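Please read it alongside the sequence and the structure shown here.

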Amino acid sequence: MRIVADTGRCVGAGQCVLTEPEIFDQDEDEGTVVLRTEQVSGDALEHVRQAVHICPSQALSLSED
(Lines give C-alpha, C1' and ligand atoms only; values in the text may rest on other atoms or scores of the structure.)
Protein backbone atom coordinates (compact mmCIF):
# COMPACT_ATOMS: atom_id res chain seq x y z
CA MET A 1 0.00 0.00 0.00
CA ARG A 2 1.09 3.55 -0.67
CA ILE A 3 0.45 6.44 1.71
CA VAL A 4 -0.77 9.67 0.17
CA ALA A 5 -0.35 12.87 2.20
CA ASP A 6 -1.96 16.17 1.23
CA THR A 7 0.29 18.72 2.95
CA GLY A 8 -1.95 21.56 1.81
CA ARG A 9 -4.79 20.06 3.80
CA CYS A 10 -2.71 19.03 6.85
CA VAL A 11 -3.27 21.16 9.97
CA GLY A 12 -0.24 19.84 11.86
CA ALA A 13 -2.16 18.07 14.64
CA GLY A 14 0.54 15.38 14.80
CA GLN A 15 -1.81 12.46 15.46
CA CYS A 16 -0.13 10.48 12.68
CA VAL A 17 3.30 10.94 14.28
CA LEU A 18 1.96 9.78 17.63
CA THR A 19 0.36 6.75 15.98
CA GLU A 20 3.32 5.62 13.85
CA PRO A 21 6.52 7.68 14.34
CA GLU A 22 8.57 5.36 12.11
CA ILE A 23 6.41 6.31 9.11
CA PHE A 24 5.30 9.89 9.84
CA ASP A 25 7.17 13.02 10.90
CA GLN A 26 6.37 16.73 10.95
CA ASP A 27 8.04 19.55 9.07
CA GLU A 28 9.95 21.73 11.55
CA ASP A 29 8.85 25.00 9.94
CA GLU A 30 5.28 24.31 8.82
CA GLY A 31 4.34 21.51 11.22
CA THR A 32 2.76 19.56 8.36
CA VAL A 33 3.11 15.84 7.79
CA VAL A 34 6.30 14.42 6.29
CA LEU A 35 6.38 10.83 5.09
CA ARG A 36 9.50 8.87 5.99
CA THR A 37 8.37 6.32 3.38
CA GLU A 38 5.43 6.12 0.99
CA GLN A 39 5.23 2.33 0.90
CA VAL A 40 3.90 0.42 3.88
CA SER A 41 3.14 -3.23 4.59
CA GLY A 42 3.16 -5.78 7.36
CA ASP A 43 2.62 -4.74 10.97
CA ALA A 44 3.00 -1.03 10.23
CA LEU A 45 0.01 -1.09 7.87
CA GLU A 46 -2.51 -1.41 10.70
CA HIS A 47 -0.96 1.59 12.50
CA VAL A 48 -1.01 3.60 9.27
CA ARG A 49 -4.68 2.70 8.73
CA GLN A 50 -5.38 4.02 12.23
CA ALA A 51 -3.48 7.25 11.50
CA VAL A 52 -5.48 7.74 8.29
CA HIS A 53 -8.71 7.18 10.22
CA ILE A 54 -7.94 9.64 13.05
CA CYS A 55 -6.38 12.43 10.96
CA PRO A 56 -8.52 15.48 11.86
CA SER A 57 -8.02 17.18 8.50
CA GLN A 58 -8.33 13.98 6.43
CA ALA A 59 -4.99 14.76 4.81
CA LEU A 60 -3.94 11.10 4.71
CA SER A 61 -5.14 8.26 2.54
CA LEU A 62 -4.00 4.85 1.34
CA SER A 63 -3.73 3.75 -2.27
CA GLU A 64 -3.12 0.30 -3.68
CA ASP A 65 -0.28 0.16 -6.18
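A residue is called exposed when its relative accessible area is over 50%, and buried when that area is under 20%. The model is a predicted one.

**Helix 2**

Leu-45, Val-48 and Ala-51 are the buried residues in helix 2. Those three span an arc of only 120° around the axis, so they sit on the same side of helix 2. What lies over them? The cover of the buried residues of helix 2 includes strand 1 (2-5), helix 1, strand 2 and strand 4.

**The core**

The largest nonpolar core has 14 residues. Cys-16, Phe-24 and Leu-60 have the most contacts inside it. Two elements give two or more residues to this core: helix 1 (15-19) and helix 2 (43-54). Helix 2 gives the most, with 3 residues. In soluble globular proteins, nonpolar side chains tend to be buried together.

Which residues does Phe-24 touch, beyond those up to four places away in sequence? The list is Ile-3, Cys-16, Val-17, Val-33, Val-34, Leu-35, Arg-36, Val-48, Ala-51 and Leu-60.

**Cysteines**

How many disulfides does the model hold? The count is 0. A disulfide would need two cysteine sulfur atoms within 2.5 Å. The sulfur of Cys-16 is 6.3 Å from the closest cysteine sulfur, that of Cys-10, and so is too far for a bond. The sulfur of Cys-55 also has its closest cysteine sulfur in Cys-10, at 6.3 Å, again too far for a bond. Cys-16 is buried, because its relative accessibility is 10%. Cys-55 is buried as well, at 13%.

**Salt bridge**

The structure holds 1 salt bridge. Asp-25 and Arg-36 form it through their side chains, at 3.2 Å from N to O. The pair links distant parts of the chain, 11 residues apart. Asp-25 belongs to strand 2, whereas Arg-36 is in the loop between strand 3 and helix 2. Asp-25 counts as partly exposed, at 30% relative accessibility. Arg-36 counts as exposed, at 52%.

**Two loop residues**

Thr-32 lies in the loop between strand 2 (24-26) and strand 3 (33-35). Is Thr-32 buried or exposed? Thr-32 is buried, because its relative accessibility is 15%. Beyond its neighbours within four places in sequence, Thr-32 contacts Thr-7, Cys-10, Asp-25, Gln-26 and Asp-27. Among these, Asp-25 is the salt-bridge partner of Arg-36.

Gln-58 sits in the loop between helix 2 and strand 4 (60-63). Its phi is near 55°, a positive value in a residue other than glycine. Gln-58 is exposed, with a relative accessible area of 56%.

**Accessibility of the residues discussed**

| Residue | Relative accessibility | Class |
|---|---|---|
| Cys-16 | 10% | buried |
| Cys-55 | 13% | buried |
| Thr-32 | 15% | buried |
| Asp-25 | 30% | partly exposed |
| Arg-36 | 52% | exposed |
| Gln-58 | 56% | exposed |

Definitions and conventions:
Residues numbered from 1 in each chain as written. Predicted model: local features only at pLDDT ≥ 70, side-chain atom pairs only at ≥ 80, totals over all residues. Heavy atoms only, no water. Core = buried A, V, L, I, M, F, W, Y, C linked by side-chain atoms within 4.5 Å. Buried < 20%, exposed > 50% of the residue type's maximum accessible area, 1.4 Å probe, protein only. Helix = DSSP H or I, 4+ residues; strand = E, 2+ residues; numbered from the N terminus. Contact = heavy atoms within 4.5 Å. Arc of directions from axis to C-beta. Salt bridge = Lys/Arg side-chain N within 4 Å of Asp/Glu carboxyl O.
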